[in-house]
Amino acid sequence: MLLNWLSRRLTAYLSKEISRHSIRTSTWGAMVNTLQPGDVLLVEGNTRISVAIKYLTQSTWSHAALYLGPDAGLGVSDDGEAHVLVEADLEHGIRPLPLCYYRHAHTRICRPVGLSDKDLRTLAEYAFSRLGHQYDMKNVFDLARYLWSTPPVPTRYRHKLLAFGSGDPTRAICSTFIAEGFQQLRYPILPVVKTLPANDPDCAGCVHERFRVRHHSLFTPRDFDASPYFRIIKPTIEGVFDYRAIAWEDG
């Protein structure tokens, strides 16, 4: 009972928005027209927990959501907006929500390459199966210890602090939930790559690479941005863009 009370109080504290506003980097219409099912939408975030995640990962991005699109059957919001995203939220657990929730946020689109319709169905089925699961509060308690303005954590250890977690399969944080979905497709994010001898008698120095899956609990939002296997999509220049048409204000 006491632990549940502490969890609720900590959740409310960490979910509180702070008075900082990020810079939107594309128009609303451009983002709507650019997103495709399977995209990972990274969000800068403006809550206390966002500050902690950005500090520990040394990244702009504190949150990640999976875009499945208006035809995914995720339902609609109270305002009648189609749910097109699935995310792991601190207060509400894994939930669907409309894109307009991040209308004014600083975002980045990370797109997997070459997914088939079957892959997208598998990814959607996975996301549906996780709806209602809870956020990993063990991870949140770990994060809460590092919310000082200048926590005494050496840079080389900060990323590892986000990999604690409870290990409970019904609990997740935003990036681990999405990483597990892509791992079900065996789609790489940041795998461990081993270089082994090719054992080719005609090429003594030849090598080949073998990939090993990293556990999904080790992934943070920045890893989708850093991954060489996700294309970075910028809505502003995906359509017709002519820098000569920009109306500059002199002075």
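## Close-up views

View 1. Arg95 is buried, with a relative accessible area of 15% (buried means under 20% relative accessible area, exposed over 50% and partly exposed in between, using a 1.4 Å probe and protein chains only). What you see here is a predicted model, in which local features need pLDDT of at least 70 and side-chain atom pairs count only at pLDDT 80 or more, while totals for chains, interfaces and linings use all residues. Residues are numbered from 1 along each chain as its sequence is written, and side-chain values use heavy atoms, with hydrogens and water left out. The side chain of Arg95 meets that of Glu87 in a salt bridge, 2.8 Å from N to O (a salt bridge is a side-chain nitrogen of Lys or Arg within 4 Å of a carboxyl oxygen of Asp or Glu). Glu87 is buried too, at a relative accessible area of 0%. Look for Asp89 as well: Glu87, Asp89 and Arg95 are linked in a network of salt bridges. Searching the whole structure gives six salt bridges.

**View 2. Strand β5 between two partners.** Helices (H or I, at least four residues) and strands (E, at least two) are DSSP runs, numbered from the N terminus. Five of the six residues of strand β5 (residues 107-112) are buried, so β5 is largely enclosed by the rest of the structure. Two strands pair if DSSP finds at least two bridges between them. Strand β1 (residues 40-43) runs antiparallel to β5 and is joined to it by four bridges; here Val43 has Thr107 of β5 as its bridge partner. β5 also pairs with strand β10 (residues 230-233), again in the antiparallel sense and over four bridges. In that pairing, Arg111 stands opposite Arg231 of β10.

**View 3. Strand β2, covered on both faces.** In a regular strand the side chains alternate between the two faces of the sheet. Which residues lie on each side of strand β2? His63, Ala65 and Tyr67 are on one side and Ala64 and Leu66 on the other, and all are buried. That leaves strand β2 (residues 63-67) mostly covered, with five of its five residues buried. Four bridges connect β2 with β1, and the two run antiparallel; Val43 stands opposite His63 of β2. Strand β3 (residues 83-89) is joined to β2 by two bridges, also antiparallel, and Leu66 has Val86 in β3 as its bridge partner.

**View 4. Helix α4 and its two sides.** The 14 residues of helix α4 (residues 117-130) should span 20 Å at 1.5 Å a residue, and its end C-alpha atoms are 20 Å apart, which agrees (the expected span is 1.5 Å times one less than the number of residues). An α-helix has 3.6 residues a turn, so residues three or four places apart point the same way. The buried residues of α4 include Leu123, Ala124, Tyr126, Ala127 and Arg130. They cover an arc of only 160° around the axis, which puts them on the same side of α4; the arc is that of the directions from the helix axis to the C-beta atoms. Turned away from this buried side is a face with the exposed residues Asp117, Lys118 and Glu125. After α4 comes Gly132, with a positive phi near 95°.

**View 5. Where α4 meets α7.** A salt bridge joins Glu180 and Arg130, their closest N and O atoms being 2.9 Å apart. Glu180 lies in helix α7 (residues 174-184) and Arg130 in helix α4, so the pair ties together parts that are 50 residues apart in sequence. Arg130 is buried, at 6% relative accessible area, whereas Glu180 is partly exposed, at 22%. Tyr126, in helix α4, is buried at 5% relative accessible area.

**View 6. A nonpolar patch on the surface.** Ile237, Phe241, Tyr243, Ile246 and Trp248 form a nonpolar surface patch, with about 610 Å² of accessible area together. Patches are made of residues with over 30% relative accessible area and no salt bridge, joining like charges within 9 Å and nonpolar side chains (Val, Leu, Ile, Met, Phe, Trp, Tyr) within 5 Å. Accessible areas come from the Shrake-Rupley method with a 1.4 Å probe, and for residues only the protein chains shown count as cover. Trp248, in the segment after α9 (235-238), is exposed, with a relative accessible area of 68%.
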